[in-house]
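The entries follow the order in which I looked things up.

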Amino acid sequence: ESLYLLLTSEARSILTSVETVIVDEIHAMVASKRGAHLFVSLERLEALRRELDPGGRALQRIGLSATQRPLDEVARLLGGAEV
């Protein structure tokens, strides 16, 4: 929720230098509304970064969890939208 608040505020410019996002306990996010909200916010962050640097590197997303199931769904959500 904090990422969303930052992205929708005047302070969003501080996020433009973010290169890596680590999502801990990602398994708890995959099948929840909080997870959907987080992954949409990550896409918004990616869009903000592309806006300022269209040719720049994509945001690196790292998901941590002892159990990542279902793995294909975790990968799809963490991998982001295809550009």
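I sorted the lining of the largest pocket by class and got 8 nonpolar, 2 polar and 3 charged residues. The classes are nonpolar for Ala, Val, Leu, Ile, Met, Phe, Trp, Tyr, Cys and Pro, charged for Asp, Glu, Lys and Arg, and polar for the others, Gly among them. The model is a predicted one, where local features need pLDDT of at least 70 and side-chain atom pairs count only at pLDDT 80 or more, while totals for chains, interfaces and linings use all residues. Residues are numbered from 1 along each chain as its sequence is written, and side-chain values use heavy atoms, with hydrogens and water left out.

I then listed the 13 lining residues and noted that E1, L3, V23, M29 and L38 lie nearest the centre of the pocket. A pocket here is an open set of points on a 1 Å grid over the protein atoms alone, where a 1.4 Å probe fits, with protein on both sides within 12 Å along at least five of seven lines; lining residues have an atom within 4 Å of a point. The space in this pocket is about 210 Å³, a volume being the space filled by probe spheres set on the points, which are joined across faces, edges and corners.

By element, α1 (2-7), β1 (20-24) and α3 (33-52) each supply at least two lining residues. The largest share, 5 residues, is from α3. Helices (H or I, at least four residues) and strands (E, at least two) are DSSP runs numbered from the N terminus.

I looked up the largest nonpolar core, which has 16 residues; V21, V23, I26, F39, L42 and L45 touch the most other members. Two or more residues come from each of β1, α2, α3 and α4, and α3 gives the most, with 5. Such a core is a set of buried Ala, Val, Leu, Ile, Met, Phe, Trp, Tyr and Cys residues joined through side-chain atoms within 4.5 Å.

For L45 I listed contacts (heavy atoms within 4.5 Å). Neighbours within four places in sequence aside, L45 touches L7, L15, V18, V21 and L59.

S41 has a relative accessible area of 2%, so it is buried (buried is under 20%, exposed over 50%, partly exposed in between, with a 1.4 Å probe and protein chains only). Outside four places in sequence, S41 is in contact with L3, Y4 and L7.

Which residues of α4 (71-79) are buried? I found V74, L77 and L78. Down the axis of α4 these fall within an arc of 95°, so they line one face; the arc is that of the directions from the helix axis to the C-beta atoms. They pack against β1, α2 (27-30), α3 and β2 (60-64). Exposed D72, R76 and G79 are on the face turned away from the buried side. G80 follows α4, with a positive phi near 90°.

Q60 is in strand β2 and is partly exposed at 38% relative accessibility. Its contacts beyond four places in sequence are E19, T20 and V21. The C-alpha atoms of Q60 and L78 are 9.6 Å apart.

E25 sits in the loop between β1 and α2 and is partly exposed at 39%. Its phi is positive, near 55°, though E25 is not glycine. Most residues other than glycine have a negative phi.
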